[in-house]
Amino acid sequence: MTQPHSSVDALWQCYRALDPDAPAAPPDVYHFCDNPADAALCLALVLQGQKRATACALAQLRLAGAPVPRPGDLAIVTDWAGEAAAVLRTLAVNVRRFDEVDAAFAALEGEGDGSLAWWRQAHHDYFTRVLAGTGVPVDGDLEIACEQFEVVLRR
């Protein structure tokens, strides 16, 4: 496991100054997407307030040994290089089949043109890449954790 960027601890200490009851150790740390360009775009959308949701296949979480996010969870989102950009708080998580993701959720994700058609194509392509070689079929029955979040602190 690689050492987190020093900015992660610095941002977490800033958050702890606002919430002294927060644990000493930083929460989960992650970046969006599977490539630098999309990660940068999604992070920019979050910081602009346009992206207020994200989607992850339950199979991805299982393969990574990560839990399904829960309301109230905190996380630090970084850029592709690992520099901390914001602390996010999970507001809601709904597990849906891929085909059950609706236009309202696609709009909350704030990516592309905001349409459900764009969301389905982009996420089908993404899940196909990240689940390649796992034996998990990427189809309408793929279970997706649809997470809504808020930014509680920016760097």
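User: Strands here are DSSP runs of E, at least two residues, numbered from the N terminus. With that settled, which strand does Leu88 lie in?
Analyst: Leu88 belongs to strand β4, which covers residues 84-97. Keep in mind that this is a predicted model.

User: Is Leu88 buried or exposed?
Analyst: Leu88 is buried: its relative accessible area is 3%, and the cut-off for buried is under 20%.

User: What does Leu88 touch, leaving out residues up to four places away in sequence?
Analyst: Its contacts include Asp73, Leu74, Ala75 and Val77.

User: Back up a bit. How many helices and strands does the protein have?
Analyst: There are five helices and five strands. Read along the sequence, their order is α-β-α-β-α-β-β-α-α-β.

User: And β3, which residues does that strand cover?
Analyst: Strand β3 runs over residues 74-78, and Thr78 lies in it.

User: Thr78 then: buried or exposed?
Analyst: Buried, because its relative accessibility is 3% against a cut-off of under 20%. Setting aside neighbours within four places in sequence, Thr78 is in contact with Val8, Val29, Tyr30, His31 and Leu43, among others. Glu83, Ala84 and Ala85 are also in its contact list.

User: Change of topic. How many salt bridges are there?
Analyst: The count comes to 10, taking a side-chain nitrogen of Lys or Arg within 4 Å of a carboxyl oxygen of Asp or Glu.

User: What is the N to O distance between Glu111 and Lys51?
Analyst: It is 2.5 Å, and the two side chains meet in a salt bridge. Glu111 is in the loop between α4 (103-109) and α5 (116-130), while Lys51 is in the loop between α2 (36-48) and β2 (53-57), so the pair ties together parts that are 60 residues apart in sequence.

User: Are Glu111 and Lys51 buried or exposed?
Analyst: Both are buried.

User: What about Arg70, which residue does it form a salt bridge with?
Analyst: Asp73, with 3.9 Å between the closest N and O atoms. Arg70 counts as exposed because its relative accessibility is 57%. Asp73, at 26% relative accessibility, is partly exposed.

User: And which side chain does Asp102 meet in a salt bridge?
Analyst: Arg96, at 3.4 Å from N to O. Asp102 is partly exposed, with a relative accessibility of 32%.

User: Which residues are linked in a network of salt bridges?
Analyst: Arg97, Asp99, Glu100 and Asp141 are linked in this way.

User: How many positive and negative side chains are there?
Analyst: The protein has 12 positive and 21 negative side chains. The centres of the two sets lie 3 Å apart.

User: Now the backbone. What is phi of Cys33?
Analyst: Phi is near 70 degrees, a positive value, and Cys33 is a residue other than glycine. Cys33 is found in the loop between β1 (28-30) and α2. Its relative accessibility is 23%, so Cys33 counts as partly exposed.

User: How far is Tyr126 from Asp9 in space, C-alpha to C-alpha?
Analyst: 30 Å, and the two are 117 residues apart in sequence.

User: Last topic, the overall fold. What is the radius of gyration?
Analyst: It is 15 Å, which agrees with the value near 15 Å that a compact globule with 155 residues would have. The C-alpha atoms fill a box of roughly 45 × 30 × 30 Å along the principal axes.

User: What share of the residues is buried?
Analyst: Buried residues make up 38% of the 155. The accessible surface comes to about 8200 Å², and 54% of that belongs to carbon and sulfur atoms.

User: And of contacts between residues at least 6 apart in sequence, how many join residues at least 24 apart?
Analyst: 69% of them do.

Methods. Residues numbered from 1 in each chain as written. Predicted model: local features only at pLDDT ≥ 70, side-chain atom pairs only at ≥ 80, totals over all residues. Heavy atoms only, no water. Helix = DSSP H or I, 4+ residues; strand = E, 2+ residues; numbered from the N terminus. Buried < 20%, exposed > 50% of the residue type's maximum accessible area, 1.4 Å probe, protein only. Rg over C-alpha atoms; globule rule 2.2 N^0.38 Å. Contact = heavy atoms within 4.5 Å. Areas by Shrake-Rupley, 256 points an atom, 1.4 Å probe, with all protein chains shown as cover. Lys, Arg positive; Asp, Glu negative; His and termini not counted. Charge placed at Lys NZ, Arg CZ, Asp CG, Glu CD.
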